[in-house]
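Biologist: I've got the model open on my screen. Can you walk me through a few spots in it?

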Amino acid sequence: MKMKTLSLSNDLKSHPDKTLFDHLKKVGNLSKEILESKKLNLDEFIDFETLKEVSYLIGITHDFGKATGFFQKYINAEDEKREKLKNKQTYHAFISSIFTYYVVKDYLNKKGLLREDYYKYLPIISFFVVKKHHGNLVNAEDEVLSFYEKHQDILESQFKNIDLSKVKEIYNKLYTFDFNWDNLLQKFERGYDYKEYERNVGKTGYELIIKKYLALVKDFKEEEKEIVDIKGYSSLFYYFVSILLYSVLLDADKTDAASLKLIERRGIPLDIVDNYKKLKFGEPENKINQIREKIYNEVISRVDELDLDRDKILSLNVPTGTGKTLTSLSFALKLRERLEKEKCFSPRVIYSLPFLSIIDQNSDVFADLLYNPTTDILLKHHHLSDIVYTKKDEEENYEFESIETEKDISKSLLLIEGWNSEIIVTTFVQFFYSFISNRNRAIRKFHNIANSIVILDEVQAIPHKYWLLLKETMRFFAEHFNTYFVFVTATQPLIFNENKGEIKPLIKNKKDYFKKFDRVQLVPILEPLDMENFKEKLKEDLLQNPKKDFLIVMNTINSSKEIHKFIKKKSNELGGSKIYYLSTNIVPKERLKRIKEIKEKTKERKIIVSTQLIEAGVDIDVDVVYRDFAPLDSINQVAGRCNRNFGEKKGIVRIFVLKEQRNGKTYYPHSIYGSFITGETQKVFEEFEPEKYKKIEEPSFLKLNNSYFNKVNEGKSDEESKGILNNAKKLEFAKLSKFELIEKAPYKADIFVEVDKKAKVIWQKYQEIITNEKLKRFEKKNKFLEIKKEFYNYVISVSVSEKDIGLVPSELNYIEREDLKDCYDKETGFKEFKKSTLMC
């Protein structure tokens with residue numbers, strides 16, 4: 001009988017159900033496959049074939065440290081004992097990163113590339129990528145200087161605790177290049193050179209920091225100098241290649257660890273929007289639909305005119321209400337087909353918007369035209385999305401299927417966060433934080449942004465302080481990662497200058513379209529007005545126009561509540577008017593219900609009082625707008641809610657500069673936006689045809705907006721953008737956290753409000769999860785994912801002051817139904833703090 005020889009390496013495990021050899025092989029192969037699926041233009045820096053091999057080497061070495069006896073004892077232990085065995089000696093990323101560094105360095109040396117520009121940094125970049133594949137990237141220089149004395153005993157014991165014969169057997173199968181294993185393994189066996197350390201005790205700076213530790217990592221003193229060299233370069237190449245390799249490793253590692261099946265790419269008919277429009281709307285008959293159709297056809301005709309190598313930053317700049325959503329999607333799908341034929345890659349379409357309210361709205365439209373697609377076709381991704389991933393071919397549903405990986409998260413969440421879909425609808429936060437970030441979870445999907453078509457809707461919402469940052473990063477990424485950006489807006493900011501040829505318009509004569517739209521008249525009243533006089537003007541207008549729908553937008557929650565209270569008191573005088581109130585003080589479930597009611601056609605006149613949230617692309621149509629003073633882009637947004645569909649009478653948008661008296665001082669609510677952009681808005685109004693500025697017709701909006709954005713561009717500070725760009729170029733990843741699209745309020749508290757019976761059931765489920773001592777941490781997390789969307793339908797975030805004793809910003813606060821009368825008004829939401837139960 002022939003005996004079967006058992007491989008020495010087969011008893012080494014990477015996970016409880018996986019051998020180390022299989023995991024390393026699969027991660028290496030998958031890493032290379034991911035890059036092989038990309039079409040990148042990196043030839044001016046490095047050879048793409050070499051980059052693919054480096055990615056493979058990172059994949060097969062990233063878990064080298066799991067070969068230690070310490071880790072093997074830990075991974076083979078029973079579940080209840082495993083947690084007790086976890087310690088510094090089972091930590092494998094550091095020792096693995098050293099091994100990766102040497103393998104990549106040896107490979108490049110054999111190819112004669114090690115001293116070449118750009119290539120010479122790949123070993124140290126590979127080191128960073130592996131060292132932080134279970135954490136977030138930190139500053140490169142800090143990583144190189146991380147060989148402190150406290151690591152000596154741990155690393156030495158780990159080196160001595162590796163069965164090198166098993167390791168050598170694994171890598172003889174995985175590493176096909178001519179590699180001097182004996183030389184490397186001798187270094188690992190030798191460990192520390194204490195005499196070398198003693199000889200350099202008196203030295204300082206880079207020389208001392210490196211030489212006093214491992215003989216194995218002597219070369220790092222040269223790498224330190226090279227990191228300093230990187231800091232002198234002005235190219236973003238090092239930053240983008242670092243997060244590309246990091247993204248690829250993270251995705252390959254998590255995919256294999258979770259035993260996920262690769263999602264096969266799916267086709268989408270290029271004429272699906274054309275057919276949907278015909279079925280849904282028929283032939284355009286009225287004026288607005290005829291204009292929409294003309295814009296649609298002109299944009300679609302541009303697909304064949306593009307120079308695919310040069311025209312990668314594009315704009316769709318047309319008035320509000322002209323069908324930009326469907327037009328941009330149809331353009332993207334047709335461009336996708338052209339790229340498939342001519343450039344041999346099939347781009348994903350990423351549709352990104354600034355606000356959650358319009359994400360749900362647009363995603364619903366896409367789902368309708370795609371006939372209720374599975375998630376591999378259409379993915380809606382934001383922090384409150386459903387955690388379900390479905391595939392049409394097998395109808396395989398990964399809903400809440402728990403798996404015990406290092407991150408202990410569900411398969412569905414892994415698939416969703418990897419953006420493994422053909423069309424992704426997401427927020428600016430999700431998109432840009434995958435692009436400019438140091439965070440593991442955000443960067444993992446970065447490689448799926450490469451070779452995509454990115455539609456940035458309502459792009460004017462990007463803060464002007466980041467214009468330069470996004471201009472430089474998007475321009476580099478578009479050119480070298482074959483990615484196409486489409487700016488969609490009625491008010492185009494000067495991130496890219498059309499007059500300088502930095503962005504290609506998809507509409508050649510957009511002025512003609514703006515001239516055709518004469519739906520709204522803008523009336524800026526720049527003389528400051530106190531609240532009482534504002535109320536009287538509003539009351540007079542409401543009474544004189546009993547059949548007109550009104551929208552009143554205030555800058556603060558308190559002022560919006562005051563106006564709502566005033567209108568409610570006058571409700572008898574206003575007849576059969578339906579009065580609505582909207583602000584973030586109302587739980588999301590109720591907010592969405594009210595927006596839905598507002599959008600429905602009724603016989604009753606509607607009066608809507610709201611904060612700025614109504615401007616966020618909410619598709620409503622009113623006759624008259626009253627707006628507290630704001631930046632011009634915000635005014636444009638609210639004007640887009642007025643006479644949106646070409647009603648018989650022109651809509652009116654009145655702008656007021658409100659003032660309030662507080663403790664004897666005058667306060668202007670528009671100061672929440674800062675003095676710069678509100679000041680530029682006021683200048684534009686004052687300078688715009690001064691003799692006529694009291695009434696500005698819609699055909700003049702384009703000229704008004706251009707003047708405003710020119711002023712903002714000339715007067716803005718680029719210091720924050722320059723600082724973050726400098727951090728990226730120096731590989732100072734940790735400092736990228738300064739990039740904040742939404743400024744964090746210093747004192748905000750989250751409150752779960754038990755407004756109905758359903759909320760009580762959800763809260764009880766939440767309590768059962770967090771108090772269940774039998775559940776492990778990852779099991780609790782997955783259980784919460786099951787109720788997360790419903791749970792946050794009842795959570796509001798409110799400003800907290802020192803007098804709000806009991807409301808804790810860092811914890812989840814809870815208002816019981818019994819306390820609603822004290823803390824929560826059914827119409828205006830959270831009103832004051834009196835009593836709260838705190839829950840972590």
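Biologist: Which residues lie nearest the centre of the second largest pocket?
Modeller: Ser37, Arg348, Asn420, His447 and Asn448 lie nearest its centre, and 25 residues line this pocket. A pocket here is an open set of points on a 1 Å grid over the protein atoms alone, where a 1.4 Å probe fits, with protein on both sides within 12 Å along at least five of seven lines. Lining residues have an atom within 4 Å of a point. Bear in mind that this is a predicted model: local features need pLDDT of at least 70, side-chain atom pairs count only at pLDDT 80 or more, and totals for chains, interfaces and linings use all residues. Residues are numbered from 1 along each chain as its sequence is written, and side-chain values use heavy atoms, with hydrogens and water left out.

Biologist: Which elements give two or more residues to that lining?
Modeller: Helix H1 (20-36), helix H14 (237-257) and helix H22 (446-449) do. H1 gives the largest share, 3 residues. Helices (H or I, at least four residues) and strands (E, at least two) are DSSP runs, numbered from the N terminus.

Biologist: What volume, and what classes of residue in the lining?
Modeller: The volume is about 460 Å³, taken as the space filled by probe spheres set on the grid points, which are joined across faces, edges and corners. The lining has 9 nonpolar, 8 polar and 8 charged residues. Nonpolar covers Ala, Val, Leu, Ile, Met, Phe, Trp, Tyr, Cys and Pro; charged is Asp, Glu, Lys and Arg; the others, Gly among them, are polar.

Biologist: New topic. How many aromatic pairs?
Modeller: The count comes to 54. Rings of Phe, Tyr and Trp (its six-membered ring) pair if their centres lie within 6.5 Å; planes under 30 degrees apart count as stacked, over 60 as edge-to-face and the rest as tilted. One of the pairs is Phe435 with Phe485, edge-to-face at 6.5 Å centre to centre and 80 degrees between the planes.

Biologist: Where do Phe435 and Phe485 lie?
Modeller: Phe435 is in helix H20 (residues 428-435) and Phe485 is in strand S10 (residues 484-489), so the pair ties together parts that are 50 residues apart in sequence. Both Phe435 and Phe485 are buried. Buried means under 20% relative accessible area, exposed over 50%, partly exposed in between (1.4 Å probe, protein chains only).

Biologist: And what about Phe791 and Tyr792?
Modeller: Their ring centres are 5.4 Å apart and their planes are at 80 degrees, so that pair is edge-to-face. Phe791 is buried at 1% relative accessibility. Tyr792 is partly exposed, at 28%.

Biologist: Back to S10. Which sheet is it in?
Modeller: S10 belongs to an open sheet of 7 strands in the order S5-S8-S4-S9-S10-S3-S11, with parallel pairing. Two strands pair if DSSP finds at least two bridges between them. The edge strands are S5 (378-381) and S11 (504-505), each pairing on one side only.

Biologist: How many bridges does S10 make with S9 and with S3?
Modeller: Strand S9 (residues 453-457) pairs with S10 over 5 bridges, in the parallel sense. Strand S3 (residues 313-317) also pairs with S10 over 5 bridges, again parallel. Phe485 stands opposite Val454, and Phe485 is also the bridge partner of Ile313. Tyr484 stands opposite Ile453.

Biologist: Is S10 mostly covered or open?
Modeller: Mostly covered: 6 of its 6 residues are buried. In a regular strand the side chains alternate between the two faces of the sheet. On one side of S10 sit Tyr484, Val486 and Val488, and on the other Phe485, Phe487 and Thr489, all buried.

Biologist: Asn372: buried or exposed?
Modeller: Exposed, at 67% relative accessibility. Asn372 has a positive phi too, near 50 degrees. Asn372 is in the loop between helix H18 (356-369) and S5.

Biologist: Last one. Which residue's charged end sits over the ring of Phe94?
Modeller: Lys131, at 4.9 Å from the ring centre. The rule is NZ of Lys or CZ of Arg within 6 Å of the ring centre and within 35 degrees of the ring normal. Lys578 lies over the face of Tyr580, at 5.8 Å from the ring centre.
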